[in-house]
Amino acid sequence: MDSRPIGVFDSGVGGLTVARAIMDQLPSESIMYIGDTARTPYGPRSLEQVREYSLDIMDSLVAHGVKMLVIACNTATAAVLDEARERYETPVVGVIEPAVRRAVSATTSGRIGVIGTEGTVRSHAYLNAFGSYPNLQITSVACPAFVELVEHGITAGPHVQEVAAGYFGPLIDAEIDTLVLGCTHYPLLQGAIGYVMGADVTLVSSADETARDVYRLLAEYDLFSHETAPIREFYATGDPASFGPLARRFIGPDVGYARSTQELDR
């Protein structure tokens with residue numbers, strides 16, 4: 001038994017969708033989550049900046065004894081996944097590969113859409129990941145306003161639908177049948193996204209697929225915990241007073257009391 005926590009981080013609250021999926025699939029596992037709310041959003045930043053911020057947070061998580069790292073951010077996954085796997089002895093999971101596998105298995109036409117931050121789309125990380133599969137037509141669209149909406153707790157309603165419709169023209173024109181939500185914030189907008197795209201388009205969230213990868217690696221490395229009362233700790237690099245209520249809204253009471261990452265350094 002390995003009762004050390006799984007370290008999860010994101011630029012803000014979006015990675016909580018991944019943390020929630022891990023908690024649902026692995027209820028005995030402890031979680032240490034860091035939301036980099038002081039520097040969100042990552043999407044418009046350079047990959048070098050995202051790399052610097054991501055390694056800073058992962059160094060902190062490793063220093064505090066996590067047994068696995070989950071990069072619950074598509075932009076950070078694109079920027080730093082390969083380097084992180086070389087840098088740390090602990091297993092590292094990203095969110096792009098699991099979503100790509102699920103999208104490939106879901107599509108019947110081979111026409112797949114990807115929505116993500118500017119940084120994720122600019123990195124071509126999804127195009128590269130899909131490149132190993134034949135006969136696919138990928139349409140990528142950046143949706144930068146989505147992260148800001150989620151970080152302000154705006155997840156449904158006419159305004160969200162209007163913003164989505166403004167982005168989705170190329171996806172509708174491409175007649176996609178599968179849409180990858182290429183940012184962990186986006187599942188929190190899933191209702192509006194599905195409404196605008198229509199019932200015939202399958203939405204693929206990386207959260208559940210990433211949690212399955214976490215399970216697989218825990219099994220491979222014999223790292224399972226059997227705690228009956230796992231510890232879930234949630235930290236923010238910015239103001240935890242604003243992070244906590246929003247996180248509890250999205251993930252439930254398991255968030256409990258959100259704390260500042262300054263407490264980790266004491």
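Strand β3, helix α3 (residues 74-87) and strand β4 form a β-α-β unit that is right-handed, a term applied when, with the strands pointing away from the viewer, the path from the first strand over the helix to the second runs clockwise. Helices (H or I, at least four residues) and strands (E, at least two) are DSSP runs, numbered from the N terminus. The structure is a predicted model, in which local features need pLDDT of at least 70 and side-chain atom pairs count only at pLDDT 80 or more, while totals for chains, interfaces and linings use all residues. Residues are numbered from 1 along each chain as its sequence is written, and side-chain values use heavy atoms, with hydrogens and water left out.

Two strands count as paired if DSSP finds at least two bridges between them. Strand β1 (residues 6-10) runs parallel to β3 and is joined to β3 by four bridges, with Gly-7 opposite Leu-69. Strand β4 (residues 92-93) pairs with β3 in the parallel sense over two bridges, and here Leu-69 has Val-92 as its bridge partner.

A further open sheet contains four strands in the order β6-β5-β7-β8, with parallel pairing. Strands β6 and β8 stand at its edges with a single partner strand each, so one side of each has no neighbour in the sheet. From one strand to the next the twist averages 25°, where axes are lines fitted to C-alpha atoms, for helices over the stretch in contact, and angles run from 0 to 180 degrees between N-to-C directions. Five bridges connect β5 (residues 111-116) with β7, and Gly-113 has Leu-179 of β7 as its bridge partner. Leu-179 is in turn the bridge partner of Leu-203 in β8. Between β7 and β8 the chain passes through helix α10 (residues 190-197) in a right-handed β-α-β crossover.

Helix α8 (residues 158-167) has the buried residues Val-160, Val-163, Ala-164 and Tyr-167. Seen down the axis of α8, these fall within an arc of 100°, so they line one face of the helix; the arc is that of the directions from the helix axis to the C-beta atoms. They pack against β6, α7, α9 and α10, contact meaning heavy atoms within 4.5 Å. The face turned away carries the exposed residues Pro-158, Glu-162 and Gly-166.

Technical notes
Buried < 20%, exposed > 50% of the residue type's maximum accessible area, 1.4 Å probe, protein only.
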